[in-house]
Amino acid sequence: MPPVNTEAKFFACNQSTELAEKIVGAYGAKLGNVITSTYSDGEFQPSFEESVRGSRVFIIGSTHPNSDHLMEMLLMLDAAKRASARHITAVLPYYGWARQDRKDKPRVPIAAKLIAKMLETAGATRIITMDLHADQIQGFFEKPVDHLFASTIFLPYLQSLGLDDLTIASPDMGGSKRAYAYSKALKSDVVICYKQRAKANVISHMELIGDVTGKNVVLVDDMVDTAGTLTKAADLMIERGAKSVRAICTHPLLSGNAYERLEQSKLEELIVTDSIPLRQQSDKIRVVSCANLFADVMHRVHHNESISSKFIM
């Protein structure tokens, strides 16, 4: 009887090719060959141009809107399943639609749950992702989920800055747990912003809980979308006497007028990962790559080794 093929193979969705190349390079391998055919009406079909039978397949791609990014991941998972891959791991540096993790009003979907079921139905036997908007999204899956924390790459960068009088801030009440975890690691104080929204992405009022006078403040969040919350919080803290304000946000969605808001704000620096490619460059944005983190975890998963050392918080 021939031996079981346990070779690891790596493939990238089109929107995450640059990050995938970094991850696979850090792993010490090469990306597999995928060709995507596109019809004139926009329909597309990915095709693996090499055998994956019996292999452990890693498919790398963030599922940020638009929905084509999610659809491409689903099609590639289905293709790998139908090509008889033994294990199929969906590597989602950014898990899109994660903000819809509950019914916060009548007659709305729980999109994060729906997408979890779609990924499993398409063929994913394991999920690797980073800084989910809500931890409980892991429970939407029946398959194993490795939920990584970007703190493993952000904390060394923060420590390298050598900031005195450091204070960690959460831009809203929901992010207080994350802020406290950073403050514990850095042995610093914590302040929290309380905000009220008029509607999605529109803040009607913001107040600060805590003292930032004479402090170097670092705002911590899982994502930055329109940058309305971050820039408003940064301006408020400078008004309240902060020496400087930086922000750490794992996923740089940066939609709408986000870049203009950043340039006009009191934020000294926005530190993000490359989980999502930037739409444009900015002198205020510092990108810290998550490639080595994902490469290490994927290597440990493939060799059935523990990854608990990657969970700082």
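**Helix packing and an exposed loop residue**

Arg107 lies in the loop that joins strand S5 (87-92) to helix H3 (111-122). The model is predicted. Arg107 has a relative accessibility of 77% and therefore counts as exposed, since the cut-off for that class is over 50%.

Helix H1 spans residues 17-27. Its buried residues are Leu19, Ala20, Ile23, Val24 and Tyr27. These residues share one side of H1, because they cover an arc of only 130° around the axis. An α-helix has 3.6 residues a turn, so residues three or four places apart point the same way. Just after H1, the chain reaches Gly28, with a positive phi of about 95°.

The packing of H1 with H8 was examined next. The axes of H1 and H8 are 8 Å apart, and the packing angle is about 55°. H1 is therefore oblique to H8. The crossing of these two helices is right-handed. On the H1 side, the contact involves Leu19, Lys22, Ile23, Ala26 and Tyr27. Their partners in H8 are Ala291, Asn292, Phe294, Ala295, Met298, His299 and His302. By class, the contact of H1 with H8 comprises eight nonpolar residues, three polar residues and one charged residue. Leu19, Ile23 and Tyr27 are among the buried residues of H1, and each of them takes part in the contact with H8.

A further helix pair is formed by H4 (residues 151-161) and H5 (residues 176-186). Their axes come within 11 Å and cross at roughly 50°. This angle makes H4 oblique to H5. The crossing of H4 and H5 is right-handed. H4 contributes Ser151, Phe154, Leu155, Leu158 and Gln159 to the contact. H5 contributes Tyr182, Ala185 and Leu186. The contact of H4 with H5 contains six nonpolar and two polar residues, with no charged residue.

Terms used. Residues numbered from 1 in each chain as written. Predicted model: local features only at pLDDT ≥ 70, side-chain atom pairs only at ≥ 80, totals over all residues. Heavy atoms only, no water. Buried < 20%, exposed > 50% of the residue type's maximum accessible area, 1.4 Å probe, protein only. Helix = DSSP H or I, 4+ residues; strand = E, 2+ residues; numbered from the N terminus. Arc of directions from axis to C-beta. Axes fitted to C-alpha atoms, helices over the stretch in contact; angles between N-to-C directions. Parallel < 35°, antiparallel > 145°, perpendicular 65-115°, else oblique. Left-handed = near helix turned anticlockwise from the far one by under 90°. Contact = heavy atoms within 4.5 Å. Nonpolar A, V, L, I, M, F, W, Y, C, P; charged D, E, K, R; others polar.
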